[in-house]
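The sequence and structure come first.

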Amino acid sequence: MGENSYLTFLDLVGAKVTTTEFADDFFRGLGAEPLIAMDASAYEAAAIIHNMNEPVDQQYHSTFDTVIDGGTLEHVFNFPVAIRNCMEMVKPGGQLILMTPWHNYPGHGFFEFSPELIYNTLSEENGFRVERMLIDAEGSWYSVKNPIDLEHRIEISTRDQILLYITARKVASCPLFSKWPQQSDYSAAWKRGAYASPQEARVLSMKHHLAKRIPALEKWLNRWRTYRLLKSFSPVRNPGMVRICRSDDIPV
């Protein structure tokens with residue numbers, strides 16, 4: 001949201017506008033009260049001073065109706081502890097809202113996060129349900145599907161910088177990460193075995209052997225894989241991975 005549209009919105013909702021570099025006025029314009037900020041340092045006058053690399057004090061567990069991270073998690077080295085803190089601070093029935101990098105943010109923070117990481121972390125097993133995961137890519141908004149439902153990975157190839165916009169509901173209070181998340185395609189492979197049959201294993205081995213023995217074939221196969229990657233994982237070209245949002249899906 002640009003500065004002009006931000007100020008216009010605040011005027012429309014009757015919020016008092018002050019000159020600030022923070023989002024406080026925006027959230028107050030939406031009716032957020034009380035509004036409590038947490039930071040690792042007191043230099044911007046946050047109400048709660050806490051290093052998210054460390055577990056948050058239990059007095060803040062199940063305390064807040066909504067916890068919003070507008071771009072912190074990627075800068076925190078101890079991500080498992082940081083995301084646990086966010087999840088623990090939400091009341092049952094409350095929401096966790098995340099805006100975090102997925103693609104083409106090199107050097108911005110320590111991490112970029114895949115949709116599968118978010119879906120597997122904010123899962124029913126951990127007392128959460130992802131209500132919506134959006135990206136703004138190639139000029140349109142898209143809803144990102146869960147790779148567990150698709151039974152294959154969610155990957156992307158685009159020149160755009162891609163942020164994930166996530167809203168998740170806390171549906172229950174339960175122990176977090178009693179079982180560590182595993183990437184869904186590996187979990188499926190472990191259950192069925194590496195190959196569906198010994199015959200499939202022999203065919204794959206033969207393909208690999210031929211590609212190594214015939215350089216031209218290996219070169220052609222690499223080009224074909226690259227073509228399929230670029231074609232399959234562009235959000236515009238793969239509606240199976242993401243779906244374009246209707247106007248009522250698009251955030252303000």
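## Second largest pocket

H6 supplies the largest share of the lining of the second largest pocket, five residues. The model is predicted: local features need pLDDT of at least 70 and side-chain atom pairs count only at pLDDT 80 or more, while totals for chains, interfaces and linings use all residues. Residues are numbered from 1 along each chain as its sequence is written, and side-chain values use heavy atoms, with hydrogens and water left out.

The lining has 19 residues, and Asn120, Ile148, Gln182, Ser184 and Ser187 lie nearest the centre of the pocket. Two or more lining residues come from each of helix H4 (115–121), helix H5 (147–150) and helix H6 (184–192). Helices (H or I, at least four residues) and strands (E, at least two) are DSSP runs, numbered from the N terminus. A pocket is an open set of points on a 1 Å grid over the protein atoms alone, where a 1.4 Å probe fits, with protein on both sides within 12 Å along at least five of seven lines; lining residues have an atom within 4 Å of a point.

The space in this pocket is about 510 Å³, a volume being the space filled by probe spheres set on the points, which are joined across faces, edges and corners. By class, the lining holds six nonpolar, eight polar and five charged residues. Here Ala, Val, Leu, Ile, Met, Phe, Trp, Tyr, Cys and Pro count as nonpolar, Asp, Glu, Lys and Arg as charged, and the others, Gly among them, as polar.

## Nonpolar core

The largest nonpolar core has 36 residues, and Leu96, Leu122 and Ile135 have the most contacts inside it. H3 gives the most to this core, six residues. Such a core is a set of buried Ala, Val, Leu, Ile, Met, Phe, Trp, Tyr and Cys residues joined through side-chain atoms within 4.5 Å. Buried means under 20% relative accessible area, exposed over 50%, and partly exposed in between (1.4 Å probe, protein chains only).

Beyond four places in sequence, the residues that Leu122 touches (heavy atoms within 4.5 Å) include Met87, Leu96, Phe128 and Ile166.

Nine of the 11 residues of H3 are buried, among them Phe79, Ile83 and Cys86. Their cover includes strand S1 (38–39), S3, S4, H4, S5 and S7.

Thr167 lies in strand S7 and is buried, at 17% relative accessible area.
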